[in-house]
Amino acid sequence: MDMTNSRFVKIVIRAVLRVLFRILARLLFRVRVQGMDEALAVGNGQRSRLLVIANHESFLDGILLGLFLPVEKPVFVVHTEYVKRPLLRFSLNVTADYLPIAPSNPMAVKQIIRLLESGRPVVIFPEGRITLTGALMKVYEGPAFVAAKTGATLLPVRLDGLSRSYFSKMAHWPRKLFPRITLTILPPTALPMPEAPNAKVRRHKSGEALRRLMQEMALAQPQQRTLYSALCDAIRLHGRRRRVVEDIRQVEYTYHDLLKMSLALGRLAGRITEPGERVGLLLPNMTPTLGLFLGLGAFGRVPAMLNYTAGVDGMQAACEAAQIRTLITSHAFVEQAKLADKLAALQGLERIVYLEDLREGMTFRDKLWLMGWALWFPRQVEAEASTEDAAVVLFTSGSEGKPKGVVLSHRAVLANVAQIRAIIDITRDDRVLNVLPIFHSFGLTAGTFLPIFTGASVFLYPSPLHYRVIPELAYDRACTVLFGTSTFLGNYARFAHPYDFYRLRYAVSGAEKLSAAVREQWFEKFGIRILEGYGATETAPVIAVNTPMAYRSGTVGQFLPGIEHRLQPVPGIERGGVLHVRGPNVMSGYLKADNPGVLQAPVSSEGPGWYETGDIIEVDTDGFVHIVGRVKRFAKVAGEMVSLEAVEKLAQTASPDEFHAASSQPDAGKGEALVLFTTDGQVNRAALQKAAQQLGFSELSIPKKVVRVDELPLLGTGKTDYVTLKRMAEEA
């Protein structure tokens with residue numbers, strides 16, 4: 001009888017303490033639970049086996065889940081190290097049953113399976129340990145194999161806010177005593193047992209599926225904000241004194257400085273433009289450019305980033321497509337870049353405004369407004385805007401035709417930033433060296449907004465063509481992240497000292513195919529593995545990328561979380577199909593010169609909202625993307641479709657240290673003939689035939705003509721200028 005009374009007293013005490021803990025947590029952390037209906041439906045016995053998975057941000061994760069997760073009598077699987085802490089052990093005893101397990105314990109999986117088969121819901125953290133970066137850590141295969149083995153229903157739960165608390169392990173982040181905490185309960189799902197020849201491979205495939213699910217969880221919070229409000233969020237989180245931007249003038253600007261610049265320039269530019277107007281920006285990678293960009297958005301204008309390397313025809317087509325009436329540039333930049341003649345040739349503009357003149361219009365009243373009110377209540381300044389409104393107009397490179405205006409919404413840009421953060425850890429300790437122009441989506445989203453919105457610092461450099469200066473700059477500023485194209489990265493490696501990139505954690509290549517020679521050179525000289533990615537301006541831009549957790553040489557990595565894809569076969573091409581994608585980062589639509597100012601929403605043969613990339617790809621069984629080529633970069637030789645990229649690979653095999661590009665010309669006998677442009681004077685048909693035999697390529701892949709050039713024509717973004725090459729081929 002005494003034992004019964006004692007057990008009853010313990011149950012009552014535990015229930016009372018649980019209620020008190022719950023009230024205290026709500027008061028201190030303002031806990032909000034989203035998706036409660038999903039959890040109630042699953043937790044009320046509709047499914048016999050339930051495995052709850054959650055990201056791991058702090059020591060409080062298990063306690064808060066135990067208090068607020070509406071699942072009856074769950075068992076928490078926790079790291080053995082955590083239960084050695086008396087206070088944590090006491091809190092866990094109050095809130096839930098738990099099973100301490102070391103991730104390295106080979107019997108752990110069997111214990112969890114037995115719990116699930118007994119009907120008890122199990123809560124587990126697949127990362128095993130608390131995140132040190134704020135991004136996803138290593139995901140253990142055990143929980144995934146358990147879910148697949150038992151057929152359990154998976155209930156994903158996303159915790160947000162705890163990483164900023166004093167209970168986390170993220171020492172490099174600013175701490176808050178009681179941050180607001182959100183628990184987002186996502187729809188239940190399942191991990192079917194994958195088909196594989198043995199248990200080891202099945203376990204690995206299950207783990208990969210769970211890792212992708214955990215990455216999808218990182219996008220659980222929709223991006224219901226604008227770029228300007230994202231800047232305000234970053235200021236609130238990281239503090240106004242945080243140094244975040246530096247440029248060639250070697251002045252480090254804080255968040256406060258950037259906000260001040262944005263508000264001042266946005267107000268001044270707002271006087272000479274109309275709400276909703278697309279305002280052309282012809283400016284280099286400098287902090288004022290970024291400030292003006294954000295300021296225009298704050299005051300309801302849409303910056304249209306002109307490519308100053310595109311020539312008069314390219315800029316004229318861009319201005320006509322976007323119906324640009326006002327162009328903002330700089331006297332100093334126009335003089336240094338020798339753009340005066342190009343500006344004079346542009347037609348249809350109502351006004352060309354120079355930043356130097358714009359600043360002179362700052363009155364005492366403007367300064368009073370800025371210093372007395374706007375800087376301290378920045379959110380009150382922003383014009384009413386929706387996340388679906390246009391945030392920027394970028395222009396395609398024109399590598400295969402006339403440039404088109406690509407309208408990217410606030411949702412698209414911020415979604416792509418969130419997608420990148422879900423797979424690559426960028427922290428406050430990082431320093432990004434952005435040499436890519438911000439009129440290019442790669443340089444704008446990944447090179448600029450990714451570090452600014454995550455608290456990392458960024459160095460804006462105006463030209464990627466200074467091959468000797470940039471490695472020295474990376475060394476001097478101890479940069480940890482570098483984005484570039486294969487061509488640029490190859491030239492940096494050629495001129496760099498082996499120690500110039502000693503701090504570099506990530507070197508990411510995009511915009512063009514990564515050369516095998518460049519990849520090997522970086523690994524041999526610097527010990528750095530280049531992460532190749534793939535994207536398009538129309539997707540803000542990243543679609544897929546290799547990461548340290550999911551890397552396969554010769555591919556462009558796996559699709560980012562949140563992106564749907566479909567492949568459509570192409571007649572005459574055996575491998576792969578044309579890629580169509582849909583996701584939160586897809587553009588709002590095109591602005592074209594043949595229909596100026598009219599937004600053409602994305603649509604493909606797959607339906608509205610889908611974007612056809614024009615690229616032929618293969619996706620292997622592990623989800624890695626292989627680029628076969630572009631539809632427009634195939635030549636029909638003697639009735640067969642021949643990939644021009646395959647021709648370039650052939651030349652690269654014959655001469656790995658030089659640069660090569662392929663095009664085609666009309667041929668009366670075979671329809672089209674291949675032309676190879678190369679910087680290597682020793683490459684000839686005999687060398688190419690030998691390489692073709694080595695690679696097993698068809699005789700049709702050997703170009704009819706080989707043309708020696710001093711250098712390949714490049715666009716300002718670093719891509720090969722195939723329009724110029726096509727013209728050269730036809731003249732050859």
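**Reading contacts, packing and backbone**

Analyst: Apart from neighbours within four places in sequence, the residues in contact with Arg243 are Glu252, Tyr253, Thr254 and Ser457. The model is a predicted one.

User: Where is Arg243 found, and which side-chain polar contact does Arg243 make?

Analyst: Arg243 belongs to strand β9, residues 243–247. Its side chain makes a polar contact with the side chain of Glu252, at 3.3 Å.

User: Is Arg243 buried or exposed?

Analyst: The cut-off for exposed is over 50% relative accessible area. Arg243 has 52% relative accessibility, so Arg243 counts as exposed.

User: How far is the C-alpha atom of Arg243 from that of Pro713?

Analyst: The two C-alpha atoms are separated by 38 Å, and the residues are 470 residues apart along the chain.

User: Now take Arg411. Where is Arg411 placed, and is Arg411 buried or exposed?

Analyst: Arg411 is in helix α17, which covers residues 410–423. Buried means under 20% relative accessible area. The value for Arg411 is 18%, so Arg411 is buried.

User: Which residues is Arg411 in contact with, leaving aside neighbours within four places in sequence?

Analyst: The contacts of Arg411 are Thr387 and Glu388, together with Gly583, Pro584, Asn585 and Val586.

User: How is a pair of packed helices described?

Analyst: The description uses the angle between the two axes and the distance between the axes. Take helix α8 (residues 227–238) and helix α9 (residues 255–271): their axes come within 10 Å and cross at roughly 155°. An angle of this kind makes α8 roughly antiparallel to α9. The crossing of α8 past α9 is left-handed.

User: Which residues of α8 and α9 meet?

Analyst: From α8 there are Tyr228, Leu231, Ala234, Ile235 and His238; from α9 there are Tyr255, Leu258, Leu259, Ser262 and Leu263. By class, the α8 and α9 contact comprises eight nonpolar residues, two polar residues and no charged residues.

User: At what angle do α6 and α7 pack?

Analyst: Helix α6 (residues 141–150) packs on helix α7 (residues 199–217) at an angle of about 100°, and the axes are 8 Å apart. The two helices are therefore roughly perpendicular to each other.

User: Which residues meet there, and how many are charged?

Analyst: Glu141, Gly142, Pro143, Ala144, Phe145 and Ala148 of α6 meet Ala199, Arg203, His204, Ser206, Gly207 and Leu210 of α7. By class, this contact of α6 with α7 has two charged residues, alongside six nonpolar and four polar ones.

User: Let us turn to the backbone. Which residues other than glycine have a positive phi?

Analyst: Gln250 is one of them, with phi near 60°. Gln323 is another case, with a positive phi of about 55°.

User: Where do Gln250 and Gln323 lie, and how exposed is each?

Analyst: Gln250 lies in the loop between β9 and β10 (252–254), and at 56% relative accessibility Gln250 counts as exposed. Gln323 lies in the loop between α11 (311–322) and β13 (326–329). Gln323 has a relative accessible area of 44% and is partly exposed.

User: Which residues does a cis peptide bond join?

Analyst: The cis peptide bond joins Ala540 and Pro541, with omega of about 0°. Pro541 is in the loop between β21 (531–535) and β22 (542–545).

Terms used:
Residues are numbered from 1 along each chain as its sequence is written. This is a predicted model: local features need pLDDT of at least 70, side-chain atom pairs count only at pLDDT 80 or more; totals for chains, interfaces and linings use all residues. Side-chain values use heavy atoms; hydrogens and water are left out. Axes are lines fitted to C-alpha atoms, for helices over the stretch in contact, and angles run from 0 to 180 degrees between N-to-C directions. Helices (H or I, at least four residues) and strands (E, at least two) are DSSP runs, numbered from the N terminus. Angles under 35 degrees count as roughly parallel, over 145 as roughly antiparallel, 65 to 115 as roughly perpendicular and the rest as oblique. A crossing is left-handed if the near helix is turned anticlockwise from the far one by less than a right angle, and right-handed if clockwise. Contact means heavy atoms within 4.5 Å. Ala, Val, Leu, Ile, Met, Phe, Trp, Tyr, Cys and Pro count as nonpolar, Asp, Glu, Lys and Arg as charged, and the others, Gly among them, as polar. Buried means under 20% relative accessible area, exposed over 50%, partly exposed in between (1.4 Å probe, protein chains only). A polar contact is a pair of N or O atoms within 3.5 Å; within protein, one must be able to donate a hydrogen and the other to accept it, and residues adjacent in sequence count only if both atoms are side-chain atoms.
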